[in-house]
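Here is a short report on one protein chain. Have the sequence and the 3D view open as you read.

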Amino acid sequence: MEKIKPNLTGFIDAGDFFKTILVIESPEYISELLERFPTAEIFFITPDEEVAEKFSGTERVKIFILDYREERLPFDEEFFDLIIGDLTLEVVVNPQDIAAGFSTFLKQTGVWLTSFRNIRHWSILERLMKGHFGGIVSRFYTRLEFERLMYASFYKHLRASPLRRKAPEGLIKKLEECGFENIGGDLEVEFWLIRAARSMPEMSLLKSMFTPEIRARLARLLHRIEYETDLEDSVKKFWNLCDEEKIFTDYIAAFVRSVVIHRENFYKNLSACSSRPEIPEIIDEAESLYDVEPDGGLRK
């Protein structure tokens, strides 16, 4: 089997700011992560004591000698901004247990960078055609199968990037003649790189700006205004919260977009109990994010 080259850090976006990072049995990423995130704490787990010894004196790297396939990770839930490791679901008994377990250790804004071997790659199919296959203890996936596994394991947003290895001349045509579809050149994709996030991008941005407690209070007050629950008191507390925590207009609009179901009711109730100059701006911004008019019609 070809060994995957360390490419996952190419999936780190320019705006990513990771303070706590977990590296899963992929020590080749540690040096780059130390350089790119000079204030981050990096945790490295491996069952190999010799590999662990190489990083024993490295500042900011905490080492845990354990097998994540067999042992529960010794960390608090929602502790990590980033989990990174190649082929983490290739040699496991129950991949969904591992994938879902990793998600519990990620913050709501956290991401998991991993990779998997494409079972549809020409090299695997060629060996099968010749009656050879050495992947008895390994789990290989198609892209669709892996994506379904991620969504079933509580990840909300996925990005995938292919690593290709070109087939010998004539082999792809032969496979297609045997009935193998080659949509998007999939038969020459040896590995897929995956960025799996716990939240949709727009929700991740909202969650990154204020504490969970403030977001929970804001969401509760928005719903109380939406459903006219102690309306005057709810509106008063809503504006007090916005003023105290300096919650700006664009953030309020994005939050309304994300959590309020009956937006017209919310706007009507909010306007009925207050005359704050921010209200028209909130309405306009929230509805432009949806690309619809406040009455529910499509924006022209």
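## Charges

The chain carries 40 positive and 53 negative charges. Their mean positions lie 2 Å apart. The model is a predicted one.

## Overall form

Twelve helices and seven strands make up the secondary structure of the chain. Its radius of gyration is 24 Å, well over the 19 Å that the globule rule gives for 300 residues, so the chain is more spread out than a compact globule. The C-alpha trace spans about 75 × 55 × 30 Å along its principal axes.

## Burial, surface and contacts

Of the 300 residues, 45% count as buried. The accessible surface of the chain is about 16,000 Å². Carbon and sulfur atoms account for 51% of that surface.

Take the contacts between residues at least 6 apart in sequence: 69% of them join residues at least 24 apart.

## Aromatic pairs

The structure holds 20 aromatic pairs. In one of them, the ring centres of Phe75 and Phe80 are 4.9 Å apart. Their planes meet at 85°, over the 60 degrees cut-off, so this pair is edge-to-face. Phe75 is buried at 10% relative accessible area, and Phe80 is buried at 0%. Both rings belong to a cluster linked by ring pairs, together with Phe43, Phe64 and Phe79.

Trp112 and Tyr155 form a tilted pair, 5.6 Å centre to centre with 40° between the planes. This pair links distant parts of the chain, 43 residues apart. Trp112 sits in strand β5 (residues 106-117). Tyr155 sits in the loop between α5 (143-152) and β6 (157-164). Trp112 is buried at 0% relative accessibility, and Tyr155 is buried at 1%.

Definitions and conventions: Residues are numbered from 1 along each chain as its sequence is written. This is a predicted model: local features need pLDDT of at least 70, side-chain atom pairs count only at pLDDT 80 or more; totals for chains, interfaces and linings use all residues. Side-chain values use heavy atoms; hydrogens and water are left out. Helices (H or I, at least four residues) and strands (E, at least two) are DSSP runs, numbered from the N terminus. The radius of gyration is taken over C-alpha atoms; the globule rule is 2.2 Å times the number of residues to the power 0.38. Buried means under 20% relative accessible area, exposed over 50%, partly exposed in between (1.4 Å probe, protein chains only). Contact means heavy atoms within 4.5 Å. Accessible areas come from the Shrake-Rupley method with a 1.4 Å probe; for residues, only the protein chains shown count as cover. Lys and Arg count as positive and Asp and Glu as negative; His and the chain ends are not counted. The place of a charge is taken as NZ of Lys, CZ of Arg, CG of Asp or CD of Glu. Rings of Phe, Tyr and Trp (its six-membered ring) pair if their centres lie within 6.5 Å; planes under 30 degrees apart count as stacked, over 60 as edge-to-face and the rest as tilted.
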